[in-house]
Amino acid sequence: MENCYTQQRRFLISVFLLNVLIYWGGYWKVSGCFDSERKALTAFRKSLNDSFNILSSWDDDASNCCNWRGITCHNITGYVVKLDLYADNYSLSGRIDPALVQLKHLQFLDLSGNDFNGAPIPDFLGSTKELRHLNLSDAEFGGRIPHQLGNLTKLISLKLSSFSLSTKNLWWLTSLPSLNYLDMSYVNLSMASHDWVHVMNTSPSLVELRLHLCGLSYISPTLPSVNFTSLRVLCFSLNNFNSTIPNWIANVSRLVSLDLSYNNFHGEVPYRFSQLPNLEELGLGSTDDNLRVDWSEFLEGSWRKLKILHLSFSQLHGGIPNSIGNIISLESLSLSFSENITGSIPRAITKLINLEILSLYGYQMHAAIPDCLYELKNLKSLSLSDCMLTGPIPAARLGGLSSLEELDLSGNQLNGNIPAALGGLSSLLYLSLRGNQLNGNIPASLGGLSSLEELILSGNQLNGNIPAALGGLSSLEYLDLSVNQLNGNIPAALGGLSSLLYLSLRGNQLNGNIPASLGGLSSLEELFLSRNQLNGNIPAALGGLSSLRDLSLRGNQLNGTIPTTLGQLSNLYWLDLSHNSLTGNVSESVFENLKKLRYLILSSNSLVFDPHSDWAPPFQLSHIYLGSCHLGPRFPPWLRTQKYVEILDLSNTTISGVIPTWFWDLTPQLLFLRLSNNQIFGQLPSPLKMHPQASIDLSLNHFNGPIPCILNGARVLDLSNNQFSGPIPPNFTSTMQYLEIFSAKGNQISGMIPSFIEGMNSLTVLDLSRNNIGGIIPLSLGNCVALEALDLSKNRLSGGIPMSLGLLRQLQSMHLSNNNLSGEIPSSLKKCTSLETLDLGHNNFSGYIPTWIGKSFSALRIMSLRSNMFTGNIPAQMSNLTSLQILDVGQNCLSGSIPKVLKISWP
């Protein structure tokens, strides 16, 4: 009997093995890898661009593909079950080859973080039927999500977060019965807004749903039944529902994390949220003023497990109620930017013995730092920024917060010294005291914060030397001591901050040389030493800052030449050496390796920069400031290579001659053009193509010919002190609706002020003085209601002041002197109550000086009526002009006594 059983068992085993051999018969393994799968992976690799050799281990055709990077094979069958090519620092690009579907047992595919340059997600991915996990997030796929993904019926996790993807509907998700995790954050779901809730409600297996910033505009206010029976994480923040928060959310009883922040919800936050038995995280931040939270009711709920409560930007009224102490499980509380929240912090907050993060940014306390906060012994992060805190930082209590890792007291009115006790918070990673009224020295004890990564003390009144002890902060990445009153030398010890990425000492009173030791900060990306009193040469050692992107030494007393070693800063993006005393020739070699340079700011020095005529810079600049450097006499030919310039300042650069015609091809993109104070002559092209928001300064040159028509308009146009002639062209104002400042003083312009100037509604300054303009002041000038300064002096204008100028309520300065104007001062001007300067001298005005001037022009500081034909008395009401500094009424026909005014000029 036993032998028979043994034989039968052997027979069944043999049949099983035979079936296995038949099943596997079509496949052959090469060094532990199936040949068909190796070929599929090889084809997949060839379709990718691998600039960083991420897949270098895939190159050997004879290798075991199970050992290739990102590949995992089943430990029994040997089939490829996992392809994980998640990109961290370096990414793949290209396309996905259809050969990927030959991996018929693939269960896990992760291509997230790569760069597929907007290519669509391939439809054939829907044929990888064994997939359980698919992650294509942030891989730069674009276009519509293929509905074929609904064929992946075994899918458990689907991650598609991307700004470049969209879908018309989500009903294909209903074919995924096992889906536990869905993240479609940033995907454009605007066309699926109406039914997205109903689709998700058909997925009882769903555990985590993330739809952050998806363009959703509708959320169902009710559901016949809630089928999210497994849902634990629900996040659909930063959408635009513009509705009340639906009550059905409170019926999702297994929720652990709920984030409804910034959705334009309004009305009351449902009280029933406090009854969710498993809720640990709740986000209700809002930028809408209409979302309200009833403090007293809201915080008195059960809140059995709540650990994180985020109510930033919400409409909270009054102070924090004592009931905050009921949520003893709370670990993180954020009430930042919540409007109308004021008052003191209740002592009940000390009951939150588990609290690690407290953010009260913008809480209007108007008091000292509350003592009760020092009893929160487990605090790791405390933000009290912009809370209107006053008084000193209490030194005695700080030591109790020994676990503190982040402390932000910025933007308050704290005064006194920085307590040395801060140096005892050994766990501190981040310390910001920016924007207070702190004074005294920086305590050397801060140098003992060995874990500190960011130290921000800017915008105070700190003085004394920078302590050399700060050079011992080996973990420091960000140091900002700007806008204080620090003096003395920059300590050489700062050159030992090997982890430093950002260093700003700008806006102090530091003197002496820039220490060469700063050149050893190999990780430094931004260095700002501007607006100090530093002197000496720029150290050549700064050329060793291989990671540097921004360098500003502006506004010091540096001298000597620009060291050629700065040409080694291959990552440099911003270079500002302006407002110093630098001299000598700027060598082309300085720019040899600066391919990434976009901002070149060398103005207000005595530098000579005249490279060879065929020099082709390696960079493409957007901002060029070379004012007061010696560039001429020729117009710089290298500018022709710069295709993306937005700001160009070549003022006072000894350029002479005619501007080359190629330059005008650059002007349509220029937002700012300054060629003032040179010796440039010739005519401007007409029409002149400029950016509609451009500021153009061509003053103090020798331009001649007619004023051109500006094709696209401009914001500021200064043509003053040239030799322009002829009338203002009739079509000049047709494109200048947005012109704010127009100055053409000191030219040879003739003709009349065009009546159609009324279309320039944005004009704030009009200066046509010192020309040969005749005719009358047009009535239409009164339609330029934004005008603040008007100067038509030293022309040949005749007639009277039009009544319409009384419409210029913003006018602060009016200069009409040295013309042939006549008549009386019109009473309509009494409406120009903002006038500070009124100059009508050297005309033919007559009549009495109006008495209303003393009442209407309360801000008047200067008034000149000299050399006219005014008669009668100086009105006694002029004594009311308490701001008046100069009154010049000489050479008229006045009589009577002189009122009491501050200063009078009389013949």
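Tutor: Here we go, cysteines to begin with and then the packing. Keep in mind that this is a predicted model, in which local features need pLDDT of at least 70 and side-chain atom pairs count only at pLDDT 80 or more, while totals for chains, interfaces and linings use all residues. Residues are numbered from 1 along each chain as its sequence is written, and side-chain values use heavy atoms, with hydrogens and water left out.

You'll find two disulfides in the structure (a disulfide being a pair of cysteine sulfur atoms within 2.5 Å). Start with the link between Cys33 and Cys65, where the sulfur atoms sit 1.8 Å apart. The torsion about that S-S bond is about 80 degrees, so the disulfide of Cys33 and Cys65 is right-handed. Cys33 lies in strand β2 (residues 33-34), whereas Cys65 is in the loop between β3 (48-49) and β4 (71-73), so this pair ties together parts that are 32 residues apart in sequence. Helices (H or I, at least four residues) and strands (E, at least two) are DSSP runs, numbered from the N terminus. Buried here means under 20% relative accessible area, exposed over 50%, and partly exposed in between, with a 1.4 Å probe and protein chains only.

Now for the other link, from Cys66 to Cys73, with 2.1 Å from S to S. Here the torsion about the S-S bond is -95 degrees, and the link of Cys66 and Cys73 is left-handed. Cys66 and Cys73 are both buried. Count the bonded cysteines along the chain and the pattern reads 1-2, 3-4.

What about Cys372 and Cys832? For Cys372, the closest cysteine sulfur belongs to Cys387 and is 13 Å off, too far for a bond. Cys372 is buried too, with a relative accessible area of 5%. Cys832 is likewise in no disulfide, the nearest cysteine sulfur being that of Cys784, 13 Å away. The relative accessible area of Cys832 is 0%, so Cys832 is buried.

On to the packing. The largest nonpolar core has 264 residues, and the members touching the most others are Leu173, Phe273 and Phe663. A nonpolar core, by the way, is a set of buried Ala, Val, Leu, Ile, Met, Phe, Trp, Tyr and Cys residues joined through side-chain atoms within 4.5 Å. Elements giving two or more residues to this core are α2 (35-46), β4, β5 (80-84), α3 (196-200) and α4 (295-298). Of these, α3 provides the largest share, with four residues. If you zoom in on Phe663 and set aside neighbours within four places in sequence, Phe663 is in contact (heavy atoms within 4.5 Å) with Phe635, Leu648, Leu670, Leu673 and Leu675.

One more stop is Leu524, which is found in the loop between β35 (509-512) and β36 (526-528). For a sense of scale, Leu524 and Ile156 are 368 residues apart in sequence, and their C-alpha atoms are 44 Å apart in space.
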